[in-house]
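Let's take a walk through this protein, starting with the whole chain and then zooming in. Have the structure open while you read.

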Amino acid sequence: MSASGSQIVDGASSSEVSPKDQARYDHYRIYNVQFDNEQQIELFQKLEAESDSLTFIGHAREVGQKLSILVAAHRVADFADLLATYKVQHRVLTYNFQEKIDRNMREVLPEHVDVSKYDWQHFFHLKTIYDWLDHMASKYPEQISVLDMGSSTQGNAIKGLQLGKNPANKAIFIESGIHAREWIAPATATYIINELLTSQDERVQQLANNYNWIIFPCVNPDGYRYTFEHDRMWRKNRQLFGTCRGVDLNRNYPDHWNTTGSSSDPTRYDFAGPSAGSELETQRLMSFIREHVEKDQIKTYIALHSYSQMLMFPYGYTKEHVANYDDLQEFGKKAAAAIKAESGRDYVSGNLYETIYPSSGGSMDWAHAEAGIPISYTFELRGPPDSQDLFILPAVEIQPTASEAFTAIRTIVEAAAEKNYYK
Ligand SMILES: [Zn+2]
């Protein structure tokens, strides 16, 4: 290629000369702000609505609330000036977010790595996760069936496993990776699969023997792939809406759809979609649950997310209590205590509306209210609410995070069994 001038190519250009089409976050800062008065809340609500250079992790809602915001490099001076002008309490958690991403990308093994290299010290591409599922199914044919919900918007499979085939057992369903950038969720799902098959711990073996497990590590495969190839911070699916893409699949379920804590604007991170249940990924999961909830007696639904260290139950759209609120509250508190005993980490438990923030159209609300699954939780895994890493959890934390999540699930299932939920 000549040294002078650039060559115009349709779409893709030569990888030798052009950098990859990847979003970068050089010198982006993470601020953690705390609101002392209504004026500050209004200011930040306005800021969020006006700017796509500020990535809010949640919305400004109430006095005393703390909120993390990823601030684009070109807005740092302007943002810092606003904080000073309006005397907003704050801390800078991270000065260069790209460094976190670079470090994280070095913890990913190559896409075509042999499945014998699959572990919980690295992060893995979608293809590797799926190869590993197939590998486990061929290694344990008596215990495992491979499941496929059908393809995603962009034609990727939504693959999972069923572990345990005893028709007398009740089933536990684990949904993971609905938000693309929350990489710890698929890693935790595969950890749980591996533990159920290989652990020598008697309590884990009991769980494997007494329940059938249906586990889908990556229910948003298009988004997950996009985080590896183009933008580590992508959250939604990849459905096209004119000039922008993506529905927040965890706002798309037809249960009080788009009533609170979601957006009707396709450019927003919590876009609920053009209509309730509009997305193929949502429809795939709903049909799977409808087909299996009675047949396989699914009594427990766990959705894995990050971050904030929370164990939450329905509802997300209202602070009204579900019928078995007291039980879910008790199981959640027991699970948080079990995590504290295992790793010393603080997890809080409560209904989603009051624990993290109001949101509607979530899969957990639908699973509980519409599909009738009594024990339903959404876990926010590590790190803590004021995490410096946001969704970029270091790989060294995969194993302990997945282990404490599994401990929480075991605690919830054992406590629910005592109350006859699986009779
Ligand atoms: Zn999430």
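## The big picture

The protein chain in this predicted model has 12 helices and 14 strands. Its radius of gyration is 22 Å, close to the 22 Å that the globule rule gives for 423 residues, so the chain is as compact as a globular protein of that length. Along its principal axes, the C-alpha trace spans about 65 × 60 × 40 Å.

What about the inside? Of the 423 residues, 43% count as buried. Now take the contacts between residues at least 6 apart in sequence: 72% of them join residues at least 24 apart.

## A closer look at H3

Which residues are buried in helix H3 (residues 97-105)? They are Phe97, Lys100 and Ile101. Looking down the axis of H3, you'd find these buried residues within an arc of 95°, so they line one face of the helix. Here's the handy rule behind that kind of pattern: an α-helix has 3.6 residues a turn, so residues three or four places apart point the same way.

And what covers the buried residues of H3? The cover includes strands S1 (29-34), S3 (66-71) and S4 (89-94).

Terms used: Residues are numbered from 1 along each chain as its sequence is written. This is a predicted model: local features need pLDDT of at least 70, side-chain atom pairs count only at pLDDT 80 or more; totals for chains, interfaces and linings use all residues. Helices (H or I, at least four residues) and strands (E, at least two) are DSSP runs, numbered from the N terminus. The radius of gyration is taken over C-alpha atoms; the globule rule is 2.2 Å times the number of residues to the power 0.38. A residue is buried if 20 or more other C-beta atoms lie within 10 Å of its own, exposed if 12 or fewer, and partly exposed in between; C-beta atoms are placed from the backbone. Two residues are in contact if their C-beta atoms, placed from the backbone, lie within 7 Å. The arc is that of the directions from the helix axis to the C-beta atoms.
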